[in-house]
Amino acid sequence: MAGGILFDLTRKLLEALVSLAAEELGAAWGLKEEIDKLEKTALTIRAVLRDAEDQRNRNNHQVLLWLKNLKDVLYDVEDLLDEFFCDALRQKIVAGDGKLKKVRLFFSKSNQLAYGLKMAPKVKAIRERLHAIAADRDNFQLSDCPVKTPIEIRERDQTYSFERSEEIIGRDYDKNKIVQLLLESEPKQNVSIVPIIGIAGLGKTTLAKMVFNDEKLGDHFELKMWVCISEKFELKVIVEKVIEAATKTKPERVLQLETLQHHLRDSINRKKYLLVLDDVWNDDPEKWRNLRNLLSGGARGSWIVITTRSELVAEITGTVPHHNLQGLSRSESWSLLKQTAFKEESRESNNSRIEAIGMEIVDQCKGVPLALRAIGKVLYKSTEAEWVKWNKNVHKYLTHEENGIMPILKLSYDHLPSHLKQCFAYCSLVPKGTSFPVLDLIKLWMALGFIQPLSEDEDLEDAGYEYFKYLVWRSFLDCESMDYLGKC
Ligand SMILES: Nc1ncnc2c1ncn2[C@@H]1O[C@H](COP(=O)(O)OP(=O)(O)O)[C@@H](O)[C@H]1O
Ligand SMILES: [Mg+2]
């Protein structure tokens, strides 16, 4: 992660340095030489950052340390530049939007000199630290990626399409089976529970969504609620989320659990409800019993569908046999890989060699849709040679958890363009399952300077929507509803 973000930070710093140099502020302060040197060093570093990021991803610990030191110095450079710009602003020589105006020097000559003398040691010290880091890069044989101009114009892939046509492949049997269960069985207890179990990325959440939205359920349930549990199984938080799903309003944060419990009972009392609890990890029977008691006030025929990776959770929670989700079949897997890796019009084009390689990749993915989609997206618009290369390498990403992150997700993340990495990294600050209007998110990205328009007249908000759509397309974010403009 650090590499992508550092790449962008270096870009911003270079922009600021170029701006300082162009406006001859540095010269006026007698700091031109130091600032030029600083810019050159930053350029050298930026040239190897991509390679450093790759090596970091291969767990090269020395490079990891190098990136950490670099980050510290870059933040100091940022502080120093802020100081310059603040001082310049104070002297009214930059516009309010932070861009430098034509320099009208309000400083007297002697003041400029004094200012330069004050700042020179700071610039020099930072430049020397940065220089030492740049020199260090030779120790790791980091290779340069050519940087054509000091400020790179980022190119966005204009040809990808954000397809709602990314259909769900298969799963009709599973969906129908669960829907039938919810509709037809005559349960002994008021509220019954069916767990859907399977490894990460197998499609449990997707299946639960298909069930939840199935037309056959129509108005069979008086109340339908979807709650994402994920990380912590904290009763108060879950109760708040269920109340919100039932009433479509957030309960006040200050309310105590006791009051919330009353609210919850009121909202579901004697109603036939369907509740999905997505991604349950808790296997503490006591905690589960507390929640179940609170939810037991529904009318007969109410159902809770749970998705979980854990057999134990399924054992503790289920009141009927759990639904063991299987991988997609070979042909379904190939359809999914094709759907993701090819543009719509070329999906049916028959390149038998690519198909043969594709089937070998499919066999390694063991029917796990997450893996198939992640690899498909990396292979998007790839040549046959790249298919061959990925076929050889793909096994590395299909092992199980490593440092808590599934390698297959890391593969997706590593292939994200750096400007999107920082946007996504920012989203990771909010808990999984949180939903908010996409425009709010885009405005935050804009405020943080994460969005760069492709041209002067591209609207920042539009560029933000493109970022968002790309992150949805790559399955990093999810989008609940979309209007006819393709906006959420
Ligand atoms: N049957 C399917 N067809 C196409 N894509 C699928 C299918 N099942 C899951 N996916 C995709 O695979 C990814 C992981 O699915 P998800 O339901 O989140 O898995 P889980 O909940 O088991 O971890 C998602 O991007 C989802 O859209
Ligand atoms: Mg899930």
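An N or O atom in the side chain of Thr 206 lies 2.5 Å from an oxygen atom of ligand 1. The protein covers 85% of the 560 Å² of accessible area that ligand 1 has on its own. These values come from a predicted model.

The shell around ligand 1 comprises 18 residues, and the closest are Ile 169, Gly 201, Lys 204, Thr 205 and Thr 206. By class, this shell has 9 nonpolar, 5 polar and 4 charged residues. At least two shell residues come from each of helix H7 (204-212) and helix H14 (369-378). Ligand 1 lies between domain 2 (172-324) and domain 3 (330-473), because both domains give residues to its shell.

The model also contains an open sheet of 5 strands, which pair in parallel in the order S2-S3-S4-S1-S5. Strand S2 (223-228) and strand S5 (323-324) form the edges, each pairing on one side only. Strand S5 pairs with strand S1 (residues 191-197) in the parallel sense over 2 bridges. Within S5, His 323 stands opposite Ile 196. In general, strands of a sheet pair through backbone hydrogen bonds, in either a parallel or an antiparallel manner.

Key: Residues numbered from 1 in each chain as written. Chains lettered and ligands numbered in written order. Predicted model: local features only at pLDDT ≥ 70, side-chain atom pairs only at ≥ 80, totals over all residues. Heavy atoms only, no water. Near = heavy atom within 4 Å. Polar contact = N/O pair within 3.5 Å; in protein donor to acceptor, adjacent residues only side chain to side chain. Areas by Shrake-Rupley, 256 points an atom, 1.4 Å probe, with all protein chains shown as cover. Helix = DSSP H or I, 4+ residues; strand = E, 2+ residues; numbered from the N terminus. Nonpolar A, V, L, I, M, F, W, Y, C, P; charged D, E, K, R; others polar. Domains from an automatic or database assignment. Pairing = 2+ DSSP bridges.
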